[in-house]
Amino acid sequence: MGAAGELQRQIPELVKGIVGSVRQTQKINHIEKHDLPNREATLEILRDLQSLILPGYVRQRLYHSTIEFFVGDLVESLAVRLNDEIARALVHEDCTRCNQTAATRNLRAEAEQITAEFFRRIPAIRALLEKDVQAAYDGDPAAKSFAEIILCYPGFEAITAHRIAHELLVLGVPLLPRIMSEYIHHRTGIDIHPGAKIGESFFIDHGTGVVIGETTVIGNNVKIYQGVTLGALSFPKDANGQIIRDRKRHPTIEDNVTIYANATILGADTVIGHDSVIGGNVWITESVPPYTKVMIEPPQQRFLQKGEGKRP
Amino acid sequence: MGAAGELQRQIPELVKGIVGSVRQTQKINHIEKHDLPNREATLEILRDLQSLILPGYVRQRLYHSTIEFFVGDLVESLAVRLNDEIARALVHEDCTRCNQTAATRNLRAEAEQITAEFFRRIPAIRALLEKDVQAAYDGDPAAKSFAEIILCYPGFEAITAHRIAHELLVLGVPLLPRIMSEYIHHRTGIDIHPGAKIGESFFIDHGTGVVIGETTVIGNNVKIYQGVTLGALSFPKDANGQIIRDRKRHPTIEDNVTIYANATILGADTVIGHDSVIGGNVWITESVPPYTKVMIEPPQQRFLQKGEGKRP
Amino acid sequence: MGAAGELQRQIPELVKGIVGSVRQTQKINHIEKHDLPNREATLEILRDLQSLILPGYVRQRLYHSTIEFFVGDLVESLAVRLNDEIARALVHEDCTRCNQTAATRNLRAEAEQITAEFFRRIPAIRALLEKDVQAAYDGDPAAKSFAEIILCYPGFEAITAHRIAHELLVLGVPLLPRIMSEYIHHRTGIDIHPGAKIGESFFIDHGTGVVIGETTVIGNNVKIYQGVTLGALSFPKDANGQIIRDRKRHPTIEDNVTIYANATILGADTVIGHDSVIGGNVWITESVPPYTKVMIEPPQQRFLQKGEGKRP
């Protein structure tokens, strides 16, 4: 059924008002500009990369005798699509920086080189994930099998996507890594900026609320629980009062560190020494030496009279 | 393949048991009642409103010469659907309150007036979002372009949906604003009740775990990090022991306040004075004067002997 | 458009590299093995169970005179699909434990018995949810109707799915309950392990970041806010240094307890006595007697000179 007469009559005037507002704004319009990378196509690429990297878990019934067919067909299809989105992302960055060098630079050729190099690095990504799934199994008594971790664990989904997105970022791909990392943030509540450097055998348990900032550096065998923030302490500004970008702002976590739920660790110069344990709800803005255990004091307990128990 | 004989044989008896339980319950059934608003249709409306309000980011390749066609067609289609869902929501509220005045009240005409007025306010919503995207860019050194913020940032997705849902709530639309806000809560982990009043240039960074209660009031240029709760301290009850609804229960945040990760601010009378900074993990239940900085004491550090580092 | 010549030429070599890596790994491949339960089919089953258990909220326009047709048709279709996935899950567990007894055990018959028993328990699940929706309405002044809670509240979506997944787990179904609980964790940010035992009239408000561990025991009339963790304190290892699984690791919460935002309660022997109130951000690793109220000290406040307000 359509809008009744009265509403219908007002539509032209309502449209006029909105069109006028579109003409007045710049920052929230994208009109008569270059193509942006397609968000949905980028996420489809991420999902296909996951089924390529974890063969048999998403698409089932694979056999060693015919594995080339599965891998070959998927890589060929992925190469075309990834190449297109990388090219769009390079054009977008070029325009954003007002270089407008697209004419001179051969962005298409750059995209192809990056795409090929990315696929060349997939075996290295898989080798890291083989260690991550073992770290999850060793770290969580509730894990019953590798399949359970790969099919169910948000922490494993997040590190899988991160190792993909980080490699694209390292290869100089703009925007796509962030589209991927925010999709995983939506799905898992785990917010890892693709710029973060994360070592071997990494495990995030539960994960909701975890934030790992752009310039964080994490060593090997690190275990993190839900709600942990590895963040920035402050944002130095330049002479013009503009925030200075592209400098280290987030902490460094050395090997064999465990960080419990809702701990907050801030600052570019903050280093958590190897083999340390950071307790739940701890808040740290300065470095901690190796083999240190940091706990908060247990809270003071106040007792109520019987029957007052439900009053907040 | 079907259920094998033995299971198949038991189905009639199993159905009987479930039907009996359906007949016994009231609160979790909706049988022989008015139509409820359709959740999926409502979310489709929200997504279309986002692509109307941020033209060119979702649907691409728009041109100034033909922008009327895009806006006009989308508004006409949205007007019909939004009008239907608003009418259903008004009927639902009417029945819930046992007014049963639907016969007397002309809910259909009310819905049309609300729908038209909502579209009339879209330019004002867009003007606010233009400032919000700038606030995100200024507030986050990791942001490389407005497009990155609009395509990737959960905090921007949440404030966009909030400014839509809040306007519908102000216009007296029941249920739909909550369906929209909980969908965004699902997607982003950011839980803003549509009733919350939020000023200009608002930025939520990361955002997972943020909770902003129904009666919260937030000024201009406020910046909030993940895990921040602006919540209720207690729920006064009436003479019958029923919680009193529809009164202010949540805090007031004045202009230029920054609230860091996992801070909790509770209470209807709690006012955070302008230009204040609330540190990470702080827990506040009383007002704070302007220009105040609140930090928690750094945690006491206990040292372990070498090799004990991994013991929790 | 296809990949340009240069990239196209490299594809065979890129495929070779990836196939080689697939041959070298074991833990992240599932090749030439038993069928795993299908994740998408399992989630479709969960969604259909929700519309069966909450009739009229998802699929609308139901009438008492014909409710048998709705219930009967849905149960018959669900029985077939649930039975298939349960059988796959039993085979998976059997292979994981290297029992390989599938030949001897009649897993298909076991699956049928479990499927029938699960449907027999649905009335009991519905009776619990009838109390949970009332607890949500009584516990949240922002709730305007039962319909709002059932359509919008992530806490109610999470407890609905938990009561389904927990019953499957109790009946000995592997993997499927975890696939369901992690899907709900994705959607709501609420992470309840299906093993957790939860009493009547349970309410989680907001919920993002809530973690309830596998061996947690929760009494009746318990209310939990966002970011609350009921977790493990440590993981005892056996003589071989392997974590000991299948033992209680998580706390016990007695009747009528309220736990405010971001509180962390850890340890198998930690018991929160009935009618206690745990304040926001509290961190507990030891038992608390009944009628106790635990609060953290209000943070120390440091004042800044005017104009320094924005410095973190």
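A: Let's start with a term you will need: a polar contact is a pair of N or O atoms within 3.5 Å, where within protein one must be able to donate a hydrogen and the other to accept it, and residues adjacent in sequence count only if both atoms are side-chain atoms. By that rule, chain B and chain A have 26 residue pairs in polar contact between them, both residues being at pLDDT 80 or more.

A word on the ground rules: this is a predicted model, in which local features need pLDDT of at least 70 and side-chain atom pairs count only at pLDDT 80 or more, while totals for chains, interfaces and linings use all residues. Residues are numbered from 1 along each chain as its sequence is written, chains are lettered from A and ligands numbered from 1 in the order in which they are written, and side-chain values use heavy atoms, with hydrogens and water left out.

Now stay with chain B and chain A. Their contact (heavy atoms within 4.5 Å) takes 82 residues from chain B and 75 residues from chain A.

One salt bridge pairs B:Lys144 with A:Glu214, at 3.0 Å from N to O. Another links B:Glu68 and A:Arg23 at 3.6 Å. B:Glu68 sits in helix α3 (residues 67-96) of chain B and A:Arg23 in helix α1 (residues 5-24) of chain A, so this pair joins two chains. Helices (H or I, at least four residues) and strands (E, at least two) are DSSP runs, numbered from the N terminus.

Next, turn to chain C, where 75 residues are in contact with 82 residues of chain A. C:Lys27, C:Ile28 and C:Trp283 supply 12% of the area that chain C buries against chain A, more than any other three residues. Across this interface there are 4 salt bridges, including the one between A:Glu68 and C:Arg23, whose closest N and O atoms are 3.6 Å apart. Elements that each supply at least two residues of the side of chain C touching chain A include α1 (5-24) and α3 (67-96). The largest share, 14 residues, comes from α1(C).

How do the copies relate? Chain C can be laid on chain A by a turn of 120 degrees and a shift of 0.0 Å along the axis, with an RMSD of 0.0 Å. The two copies are thus related as by a three-fold rotation axis. For this, copies are superposed by least squares on the C-alpha atoms of residues with pLDDT of at least 70 in both. Only 9% of the interface residues of chain C are also interface residues in chain A, so the copies meet through different surfaces.

Definitions and conventions:
Salt bridge = Lys/Arg side-chain N within 4 Å of Asp/Glu carboxyl O. Buried area = accessible area lost by both parts, 1.4 Å probe.
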